[in-house]
Amino acid sequence: MRVAAVYYDGRQARPHPVTLCVEGDKLLLQGKDIARRDALATLNIQPPLGNTPRLILFADGGRCEVADRQGFADMLPRDAGSAVSTMENSWLYALAALLITLGLVAGAYICGLPYAARVAADRVPVYLLAQMDNQFFASFDETLLKPSALPAERRQAIWDRLQHLSLPPGAAKPERIEFRDSPELGANAFALPGGSVIVLDDLVKLADNDEEIIAVLAHEMGHIAAKHALRQMLQASVVGLAMTWYIGDVSNLLAAGPTILLETRYSRDFERQADSFAAELLRANGMPVSRLADMLQKLETAHRPDELIKSAQTASTLDYLSSHPNTEERIKRLRGM
Amino acid sequence: MVEQQRRQLQFSGSGGEYFRIWIVNVCLSIVTLGIYSAWAKVRRNQYFYRHTTLAGAGFDYHGEPKAILKGRIIAFLMFAAYSLVGRFDPLAGFVILALIMLLMPWLLVRSLRFRLHNTSYRGLRFAFHGHSSQAYINFLLWPLLSALTLGLLVPLAQQRMARYTRDNSAYGSAFFKFSAGVWAYYNIYLMTVLLGILIFVALMAVTVLLGSSGLIPVEADQLRAMSLLIAAVGTYLALFLIAYPYVAARLQNLLWNSTSLGAHGFSSYVKGREMVGIMLGNVLLIVLSLGLYKPFADIRLARYRIQHIELLANGSIDEFVAGLQSQASAAGDEMADMFDFDIAL
């Protein structure tokens, strides 16, 4: 049995029409002014790839292209294909690969990523975290964050109050509390990865008493104790890296670097954990758990009209709400505690 | 004088066929924690190269997966070092970035060498013979200068890069020659800037007209600010969506129309308008399909770009002979890929 092919000798671009046949363990190649006989073991027979020609690469740089794929398969049945090329040729395998891929991606996103972030978060050195917080203030002070307009004694009072709290085992007070003013962000408080807490003026003004502020700080301390900000940031970095890899544009990610810190969104679980932590802390210090619920209620109403009036101008006001999912549900849960 | 023969490049890949290869590649890469991705890259390149044919013969890719894997690991470590360290400590990140920048021209030369050495047509390999010292001028000095001049020298830098890569590329023992001047590059970008100005002025005129005729309820003193804003945002969007495909189309045409190989020339006639349609459609469908349209998009773009290139053969193309084989390592290729400095040839 003979199969038609085109042979190139590897020294010149001239094509040689040839025929191929197998004799024992040798491949016989014959053309008008060319003939060669090579042991099959010395040939690099490429596995099939889609409906491209089958290829035989000779050790000396020669090359054979066989358009007749069926003829090739009949001539060399044991080289019909590799495991991978079999999979590539079947829609069934492709579907299986698709389902496995989707399953693995979902699994990695839901289970693997949070686990890896938790493990990694415990291994990030403290000095790096402190540096990250400084970096955060360096990028946002004077732009998004303005100096606080609160009187110094008011700030001191909140700080003192915090120092006198008794803490549950394993928890620590915030490394530092920074008061800032930000018309864009409104009434808000954040925990940064390094354990600093930012309290915005509007939040202090919104509170009817100090216990309500302490309640919010207790919630933020819950985030800090469980390193939520750091874990969320590590997760966001990995997702960003994966997306970047897939889409293939690094520049977007580099530009987004500092803002990722601000956009950190906590999951529902993280919020619930921080609420439970705050509830425990408030109760241990003789304050009613409802203080946090009251405060949440006020934040909810304080942000709502904003959202309606200037929704077009500042999307950032929406961030607080979206970063604290289901406030209603949390309030209900806290009231039940 | 031998008569000139036009021979169009053909691309025979199909979306459905490539989808299966792609999804198997993705799946195996994930299952093997990324190790298979080197083999996947070889399969992908082989698929595109072998489906690209000229005068009845296909191109081929010979990259060695193990070499690519080694390059991938080095590239991944560098990239991870930069992005993670940079997040925690911007200064250290900056130092790493500067080091990577210093290495980049050298890496790019190795990448070009690897890619061309592993590309063949009719059993003859391509090759890249450029020196690193010139790479530092063309891949580092000019881009740096164009950054310092706020982009004024970008077209010049691009022309220098194209000239360096093409003039040092060979097929067998025949060298490519690149003839486009700097002005041709400036021309493309000037047209883009002009287009932007036209869109801006048109948008501005329309909003002012609508505003002053009372169709848009706005107070007189706010009209100018508002129309400026609308025109600026509209121009930005239009350029963002149109300029990239348009520039890509014009650059491809310029590159190939100015390239020759021995006695043979090339011709490319991609249309900016059609490129805009294909690229916008692809992005839209990729988003709507949550990424699953990607392989179809790759095929669609490749087919359009490849089938609009012709070899203008002056005489027989059978006469090319093998040249000196160059040594090539995969490390540079991978790193260049990863940092998206891919130089298309």
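Q: Where does Leu33(B) sit?
A: Leu33(B) is in the loop between helix H1 (15–31) and H2 of chain B. This is a predicted model, by the way.

Q: What is phi for Leu33(B)?
A: Near 55°. That is a positive value in a residue other than glycine.

Q: Buried or exposed?
A: Leu33(B) counts as exposed, because its relative accessibility is 78%. Over 50% is the cut-off for that.

Q: And Lys227(A), what about its phi?
A: Lys227(A) also isn't a glycine, and its phi is positive, about 55°. Lys227(A) lies in the loop between H7 and helix H8 (228–247) of chain A. With 27% relative accessibility, Lys227(A) is partly exposed.

Q: Back to chain B. How many residues of H2(B) are buried?
A: 13 of its 15, so H2(B) is mostly covered.

Q: What span should helix H2 of chain B have, at 1.5 Å a residue?
A: 21 Å for its 15 residues, 37–51. The end C-alpha atoms of H2(B) are 21 Å apart, which agrees.

Q: Which residues of H7(B) are buried?
A: Tyr185(B), Ile188(B), Thr192(B), Gly196(B), Thr207(B) and Gly211(B). In an α-helix, residues three or four places apart point the same way, because there are 3.6 residues a turn.

Q: And which are buried in H6(B)?
A: The list includes Pro155(B), Leu156(B), Gln159(B), Arg160(B), Tyr164(B) and Arg166(B). H6(B) runs over residues 154–167 and reaches 20 Å from its first C-alpha to its last, close to the 20 Å expected.

Q: Sheets now. What is the strand order in the open sheet of chain B?
A: S1-S11-S10-S9-S8-S7-S6-S5-S4-S3-S2. That is 11 strands, with antiparallel pairing.

Q: Which strands stand at the edges?
A: Strand S1 (4–8) and strand S2 (10–11) of chain B. Each has a single partner strand, so one side of each is left without a neighbour in the sheet.

Q: How many bridges join S1(B) to strand S11 of chain B?
A: Five, and the two strands run antiparallel. Gln8(B) has Glu310(B) in S11(B) as its bridge partner.

Q: Which helix packs on that sheet?
A: Helix H4 (residues 90–117) of chain B does. H4(B) touches S4, S5, strand S6 (124–128) and strand S7 (169–171) of chain B. The direction of H4(B) makes about 170° with that of S6(B).

Q: How many residues of strand S4 of chain B are buried?
A: Five of the five, residues 57–61, so S4(B) is largely enclosed by the rest of the structure.

Q: What does S4(B) form with S3(B)?
A: A hairpin with two residues between the strands. Ala55(B) in the turn has a positive phi of about 50°. The pairing is antiparallel over two bridges, and Leu54(B) stands opposite Ala57(B).

Q: And which residue is opposite Asp60(B) in S5(B)?
A: Ser120(B). Three bridges join S4(B) to strand S5 (residues 119–121), again antiparallel.

Q: Switch to chain A. How many helices and strands?
A: 13 helices and 11 strands. Of the 337 residues of chain A, 47% count as buried.

Q: What is the order in the open sheet of four strands?
A: S8-S9-S11-S10 in chain A, with mixed pairing. S8 (146–147) and S10 (189–191) are the edge strands, each pairing on one side only.

Q: How does S10(A) run against strand S11 of chain A?
A: Antiparallel, over three bridges. Phe190(A) faces Ile198(A) there. Helix H7 (residues 210–225) of chain A lies across S9, S10 and S11, at about 20° to S10(A).

Q: Last one. What does the side chain of Glu88(A) make a polar contact with?
A: The side chain of Arg43(B), at 2.7 Å. Glu88(A) is in helix H2 (residues 83–88) of chain A. Glu88(A) has a relative accessible area of 2%, so it counts as buried.

Q: What else is Glu88(A) in contact with, neighbours within four places aside?
A: Leu49(A), Arg20(B), Ile21(B), Val24(B) and Asn25(B), along with Arg43(B).

Terms used:
Residues are numbered from 1 along each chain as its sequence is written. Chains are lettered from A and ligands numbered from 1 in the order in which they are written. This is a predicted model: local features need pLDDT of at least 70, side-chain atom pairs count only at pLDDT 80 or more; totals for chains, interfaces and linings use all residues. Side-chain values use heavy atoms; hydrogens and water are left out. Buried means under 20% relative accessible area, exposed over 50%, partly exposed in between (1.4 Å probe, protein chains only). Two strands pair if DSSP finds at least two bridges between them. Contact means heavy atoms within 4.5 Å. Axes are lines fitted to C-alpha atoms, for helices over the stretch in contact, and angles run from 0 to 180 degrees between N-to-C directions. A polar contact is a pair of N or O atoms within 3.5 Å; within protein, one must be able to donate a hydrogen and the other to accept it, and residues adjacent in sequence count only if both atoms are side-chain atoms. The expected span of a helix is 1.5 Å times one less than its number of residues.
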